[in-house]
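Hi everyone, thanks for having me. Please take a look at the sequence and the structure on the screen, and I'll walk you through a few spots.

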Amino acid sequence: MGALANQSFVKMNGIGNEIVVVDLRTRAEKITPEEARAAASPKGAPYDQLMAIYPPRTHGTDGFIRIFNNDGSEAGACGNGMRCVADIVARETGKDALTFETTAGILNCWKGADGMFTVDMGAPRFKWNEIPLAEEFRDTRAIELQIGPIDNPVLHSPAVVSMGNPHAVFWVDDVNAYDLAKFGPLLENHPIFPERANITLAHIVTREHIVIRTWERGAGLTKACGSAACAAAVAAARLKRTERKVRVTLPGGELTIEWRASDDHVLMTGPVAFEFAGKFDPALFDKAVTP
């Protein structure tokens with residue numbers, strides 16, 4: 001029958017990043033890409049990311065999280081989704097500090113006095129083969145990549161970084177002045193990115209404020225992408241254009257991002273919102289391949 005047939009879910013959002021959370025700690029069945037795509041269909045619960053909570057694999061953690069994009073591909077990180085998971089598990093357990101494992105590593109989450117959760121997204125990775133890129137660039141603060149004519153490119157010279165998933169950040173004066181729905185798919189699937197990439201347009205307003213829009217790998221245009229906010233903040237600070245703690249404005253709201261100097265870890269703080277709870281209709285998955 002598959003992992004998601006008759007499975008309860010919670011629909012949430014992190015500043016507009018549409019998140020579906022399923023608790024598989026008692027079933028622990030593997031979700032196939034076909035099931036993930038079916039769950040995101042109009043008759044299911046359309047989402048940007050699906051967060052599946054599994055029993056802990058590592059001692060001392062509160063669960064293992066698998067993250068699916070709406071095209072069925074898996075992601076290593078989703079900061080907005082992790083805050084949603086943390087909110088659910090914190091309400092269930094009464095704990096204000098939680099630790100989860102993802103394919104990208106161990107993530108710590110904690111609730112602040114304002115009720116908002118902070119996620120420690122870990123340290124960014126800058127080496128070309130860790131992002132990864134298809135060819136070597138010694139300096140990933142700006143790589144040779146452009147869209148448009150050689151002598152007058154529309155977008156060019158992005159900073160690239162991994163925040164558990166690959167990101168390319170293009171610096172622009174107005175994030176709304178570009179057809180990201182047109183350029184996003186081309187850049188996401190550019191041969192320089194063997195695992196595809198998240199594509200972000202970023203405008204530095206002040207040394208404490210950045211505005212971004214993101215075409216998200218495997219999900220498309222989204223109101224918010226937490227790891228992209230982290231990537232933009234890190235890339236800007238690395239270029240000495242901002243401080244290490246900034247406010248990042250996305251179409252769906254704002255996040256506070258701090259690239260902590262003491263250990264290079266990136267901290268993301270922001271709100272989450274509950275939308276509704278439901279259960280997946282088994283008929284959705286009739287054509288999905290089960291494990």
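**Rings, charges and an enclosed strand**

Let's begin with Phe9, which counts as buried at 6% relative accessibility. Buried here means under 20% relative accessible area, exposed means over 50%, and partly exposed is in between, using a 1.4 Å probe and protein chains only.

A word on where this comes from: this is a predicted model, where local features need pLDDT of at least 70 and side-chain atom pairs count only at pLDDT 80 or more, while totals for chains, interfaces and linings use all residues. Residues are numbered from 1 along each chain as its sequence is written, and side-chain values use heavy atoms, with hydrogens and water left out.

Now for the aromatic pairs. Rings of Phe, Tyr and Trp (its six-membered ring) pair if their centres lie within 6.5 Å; planes under 30 degrees apart are stacked, over 60 edge-to-face, and the rest tilted. That rule gives four aromatic pairs. Phe9 and Phe276 are edge-to-face, because their ring centres are 6.1 Å apart and their planes stand at 80 degrees. This pair links distant parts of the chain, 267 residues apart: Phe9 sits in strand S1 (residues 8–14) and Phe276 in strand S19 (residues 273–279). Helices (H or I, at least four residues) and strands (E, at least two) are DSSP runs, numbered from the N terminus. Phe276 is partly exposed, at 37% relative accessible area.

Phe280 and Phe285 also form an edge-to-face pair, with 5.9 Å centre to centre and 80 degrees between the planes. Phe280 is buried at 2%, and Phe285 is buried at 4%. Ring pairs join Phe9, Phe276, Phe280 and Phe285 into a cluster.

Next, charges over rings. That label needs NZ of Lys or CZ of Arg within 6 Å of the ring centre and within 35 degrees of the ring normal. Arg238 lies over the face of Phe126, 3.9 Å from the ring centre, and Arg241 lies over the face of Trp171, at 5.4 Å.

Finally, how many residues of strand S3 (residues 49–54) are buried? Six of the six are, so S3 is largely enclosed by the rest of the structure. On one side we find Gln49, Met51 and Ile53, and on the other Leu50, Ala52 and Tyr54, all buried.

And the neighbours of S3? Two strands pair if DSSP finds at least two bridges between them. Strand S2 (residues 17–23) runs parallel to S3, joined by five bridges, with Val20 opposite Leu50. Strand S4 (residues 64–69) pairs with S3 in the antiparallel sense over six bridges, and Arg66 is the bridge partner of Ala52.
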